[in-house]
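Here are a few friendly notes to go with the model. Please read them alongside the coordinates.

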Amino acid sequence: MKKHLTSSAYLVLVFLFFYIPIAVLIAYSFNEAQYSLLWKGFSLRWYGELFLDTDLWVAVWHSLVLGIMSATIATGIGLLAAVSLYRYRFMGRQLLYGLVFVLILCPDIVMGISLLILFSISKVSLGFVSLLLAHITFCVPFVVITVYGRMVSFDEYIFEAAKDLGANDWIIFRSIILPLLWPAMLAGWLLSFTLSLDDVMISYFVAGPGFEILPLKIYSMVRLGIKPEINALCTVIFVFTLLLVVFSQRLLKKNISHFE
Amino acid sequence: MRTIKIFKGTPMHNGNSFKFFSLSTIWLWLIIFSLIPYALVTLASFLSHDETHLIHLPFSLSHYAELSDPIYIKIFQKSFYLAGLSTLICLVVGYPFAYIIARAKSSFKHLFVLLIIIPFWTSALIRTYSMITILKPKGIVNSLLLWLGVIDKPLPMLFSDTAVVIGLVYNLLPFMILPLLTNIERLDNRLIDAARDLGAGRLTTFRKIIIPLTMPGILSGCILVFLPAMTIFYIPDLLGGSKSILLGNLIQNQFLITQNWPLGSAISIIFMLVLIALLVVYWRSTRKERQDLL
């Protein structure tokens, strides 16, 4: 019993470490006071100021467009890669598999500078296009492992059966793989979307002055110091992330029970 | 009948055109946006630069030679030290945590795992910012300590190496816990029982059975924490003082401030070599484990 108590206390302690800073941030976003730590009463003032900041809205809009486009394209490419890795034995399969893992492990900063050199040599101007290409690139491996992880639980005979009935690989893809995989695809899409919305490291190198995105905007705001508006902004983003996580976890769970 | 009709109705592609399409898409993408860029970094590290050109011929090894300057060696050392310390703290804090959760009743487990995944998905920048609120002179930690009477004036925690380590641990702990959790969950309880039956004490069982069997999880957790810890430039930038220049900040400066791309590339290449060495160690140790299981 004593051991049980110690374990529970330990869990609580670590979870407090995870959540207290975020909780404090959220609490202060509702505090009327501008500078002091003291509680000067509940207020939505900072949310109101956020709402009026048009520069911020532009950055939010840019980030959403970028996130949706890069997540969608990355899901497409990642899906094709996962299906190929699962279904075919081809030359370089191990290499492809290894490359996907190296890309996940590769520090963002190295990916950032390598793409910066690529874009500068190939004269791609830094802005929306360079950001889109970079975001797709760092999202693809995450889609591959999410989708591939689900495909492993497939019954292989389903493909044999389809082939015996005369289906070619396009039909198998459309009529069998897509319907079975959509929850994993959606989970991969959501992960990519979140990665794209949160990325600072890579975007920092490949962004241009003409196309401001939310994470870089927040970074420059934070560097200037603490302001209650940032608390409010971070709270909004945190709640948004929370909804995405819960939604995608449900999807994955549903996806697993589907195969059990 | 209906399905057969649909299959017949579609034009007969070569059965492998789908395979060709998928494989060429993924390979083209990875070659253009990963392999070529990495090759370019390697190439750039051997080139020269001047005020008008970011990179140009002739080839030179001067940037690697420049790295032997004590200033750079110190930054490498400090980055290794702070990243290593953060990794160690993550391991020591994360291992028991993952162990308890892996063995929790399954009804709670889903909730616990969700509670770790949420910070994992939350923007690291936002979490770093929340740390500033906690650590600043009038922040919650100092206020609490003052109120408790432990200290009589605020501790200057922010803008120090301590703050950087706290920030790194705070951000990267989920990356340690998740692989450990997956690994510990797969642990075969019978092996632990067997060890205990054969007279091994708690400590011996832990040292000789549990640790070796969870080594892949430990190693992947350490890699997932250590590598970003060396390079996340915004954590030292926001939490560290002006002296807290780590590897990530150094590379960032070479590319965006002093515009010395070849030097920045050379630093990255050295760093990548360290990364590759770590991965080889990881790959070897998991291979050994696989063989032991067979």
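1. One salt bridge is found by the rule across the interface of chain B and chain A, a salt bridge being a side-chain nitrogen of Lys or Arg within 4 Å of a carboxyl oxygen of Asp or Glu. B:Asp237 and A:Arg223 form a salt bridge through their side chains, at 3.2 Å from N to O. Helix α2 (residues 17-45) of chain B contributes the most to the side of chain B that touches chain A, with 21 residues; helices here are DSSP runs of H or I with at least four residues, numbered from the N terminus.

2. A word on conventions: this is a predicted model, where local features need pLDDT of at least 70 and side-chain atom pairs count only at pLDDT 80 or more, while totals for chains, interfaces and linings use all residues. Residues are numbered from 1 along each chain as its sequence is written, chains are lettered from A in the order in which they are written, and side-chain values use heavy atoms, with hydrogens and water left out.

3. The contact (heavy atoms within 4.5 Å) draws 86 residues from chain B and 83 residues from chain A.

4. About 8,000 Å² is buried between chain B and chain A, with 83% from carbon and sulfur atoms; this is the accessible area (1.4 Å probe) that two parts lose on being put together, summed over both. In chain B, the residues losing the most area to chain A are B:Phe18, B:Trp121 and B:Tyr129, together 12% of what that side buries.

Notes: Helices (H or I, at least four residues) and strands (E, at least two) are DSSP runs, numbered from the N terminus.
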